[in-house]
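Here are my notes on this model, written as numbered points. Keep the structure open beside them and look up each residue as you go.

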Amino acid sequence: MVKDPDGVPMSAAEIVGEEIKEFKNSEQYKLMVMAEQYFRNRSDVQNKTNDVSNRSNTKIEHPILKKLIEQKINYLLANPFTVSTKNKKYAEALNEVFDDTFRRKWKGFGRAAIKSGIGWLQPYFNEEGKLCMMKIPSTELIPLWKDAEHTALDGFIRFYDVVEYIGKKKTTRTKAEWWDSTGVKYFISTDYGFTVDNDAAEEGKASHFMLNGKAYNWTKPPIIWVKYNDEELPLCYFIKELIDDINWQTSVTSDVLRDVAKFIYVLKNYGGQDLGEFIKDLREHLAIKVDADGGVDKLQADLNIDAVMKFLDKQRRDIFDYGCGVDTKDPDLGNASGTAINFRYMDLNADCNALALEMKDAFQQLKVFIDTYLQIIGKGDFSNETFDIIFNTDMPVNETDVINNVKASQGIISKRTALENHPWITDVDEELARIEEEKKQAMEEFGSGLFDSAMETGQNINGQAGAEPAPGQTGSAGDE
């Protein structure tokens, strides 16, 4: 990281151009592009050719990578996550920030991490002053890490292409933004390299955001990230060859089935001029002309693709095995017991738990931005408060067993913990409020009914007729 870009022989614009060039030539960038293509169901089978004329050249794609990624992200995030904090006001404020739009962005954030190896989310203020999140494509962001373990950033460079009309010519130019703790600098490509983009901001420099006409910068670069693994490798990196083999073998088998004739005709002294005439006569007249000692024999093609299907089935199982997913085509999955289902989901659960830990860290990265926003809008200062995120994974379970376990744990664990693990509860705070409200209503109804009845009948609380107390007794029920 260059601390003072303007104080080195290379200008900031030249540094940006060099960083973008190096990033696009890197192995990581190539893996991201490849993973995006496979996610969009375009694999190497598209390079398949056939040099023989009039032969089939099918290119069958299977959206296996998309299925695996969606399975993981839906397993972890299909159900709304729960915010846990000791401060009730903080919980309410956080739930307002984590609205439906935020949760959709967060799903895309996690999907990008699995697909590309690392996902990026940038907080910003919209025109109404609301804190929003923008998902940055992994192929458009260059992180400037502080350390070798990639745990903190000095800054980042974001670049993207824009289409412009210069005169009567339509051209594509690349814009770049250099973000660090001092603000943001803007650049744009020209025929001679990158230069300062004065159209984006005065002298190509600006603060992170404006508030009430004043410029402010965050204390750190406004970006958060989540990694799929420590190596920042996409899921496709581990299963690409298996996907290619399934697509290739399926396509080749399809070619054979399309091209092979049901019957092969052997002609002896055929009386026609060419094979085209033979086919025409056979189709139109159901008969052909032969010479005196001529004839037609027929050979039937014998195809057996069982071995190919078994091989493809093995490859499919290997993909879900090494891709840490659940093969929903497994014929025994639907009849599996609770223990067997847990075993089938073990790899998926472990993989998603690792991603959940990364996401919890991302929430802590996001905390400083949220706390500042809550102070700005007058919700309060929660910078010394803490919160945790509980992900409600979507695994098939026996709800009766879970509910019985929750009931059996009463008196051992807190009510909040029990509700957090109840399969029907999505918002613990709301459920606790409902329980308290029901208790209050029940007490009011119970007290009102009891005492009103006693007043109307002239009886004491024990239901006995009201009378003067006996000597030595008080007029209060139950007193000696």
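1. Start with V252, which is partly exposed, with a relative accessible area of 32%. On this scale, buried is under 20% relative accessible area, exposed is over 50% and partly exposed is in between, using a 1.4 Å probe and protein chains only. V252 sits in helix α6, residues 236-259. Together with W248 and V256, V252 makes a nonpolar surface patch of about 230 Å². A patch like this takes residues with over 30% relative accessible area and no salt bridge, and joins nonpolar side chains (Val, Leu, Ile, Met, Phe, Trp, Tyr) within 5 Å; like charges are joined within 9 Å. A salt bridge puts a side-chain nitrogen of Lys or Arg within 4 Å of a carboxyl oxygen of Asp or Glu.

2. A word on what you're looking at: this is a predicted model, where local features need pLDDT of at least 70 and side-chain atom pairs count only at pLDDT 80 or more, while totals for chains, interfaces and linings use all residues. Residues are numbered from 1 along each chain as its sequence is written, and side-chain values use heavy atoms, with hydrogens and water left out.

3. Now the overview. The protein has 13 helices and 15 strands; these are DSSP runs numbered from the N terminus, with helices (H or I) of at least four residues and strands (E) of at least two. Of its 480 residues, 37% are buried. Its accessible surface is about 29,100 Å², and carbon and sulfur atoms own 49% of that (Shrake-Rupley method, 1.4 Å probe; for residues, only the protein chains shown count as cover).

4. Which residues have the most contacts inside the largest nonpolar core? They are L65, F98, W106, F363 and F391, in a core of 63 residues. Helix α10 (residues 346-376) supplies the largest share of this core, 12 residues. Apart from it lies another core of 29 residues, including M32, F156, Y186 and I223. A nonpolar core here is a set of buried Ala, Val, Leu, Ile, Met, Phe, Trp, Tyr and Cys residues joined through side-chain atoms within 4.5 Å. In soluble globular proteins, nonpolar side chains tend to be buried together.

5. (The expected span is 1.5 Å times one less than the number of residues.) Among the buried residues of α1 are I15, V16, I20 and F23. The buried residues of α1 pack against α2, β4, β5, β6, β7 and β8.

6. Is S116 buried or exposed? S116 is buried, at a relative accessible area of 8%, and belongs to helix α5, residues 100-116. Leaving aside neighbours within four places in sequence, S116 is in contact (heavy atoms within 4.5 Å) with M32, S138, E232 and P234.

7. Finally, some loop residues. E203, between β8 and β9, has a phi near 60 degrees, a positive value in a residue other than glycine; E203 is exposed, at 60% relative accessibility. C324, in the loop between α8 and α9, has a positive phi too, near 55 degrees.
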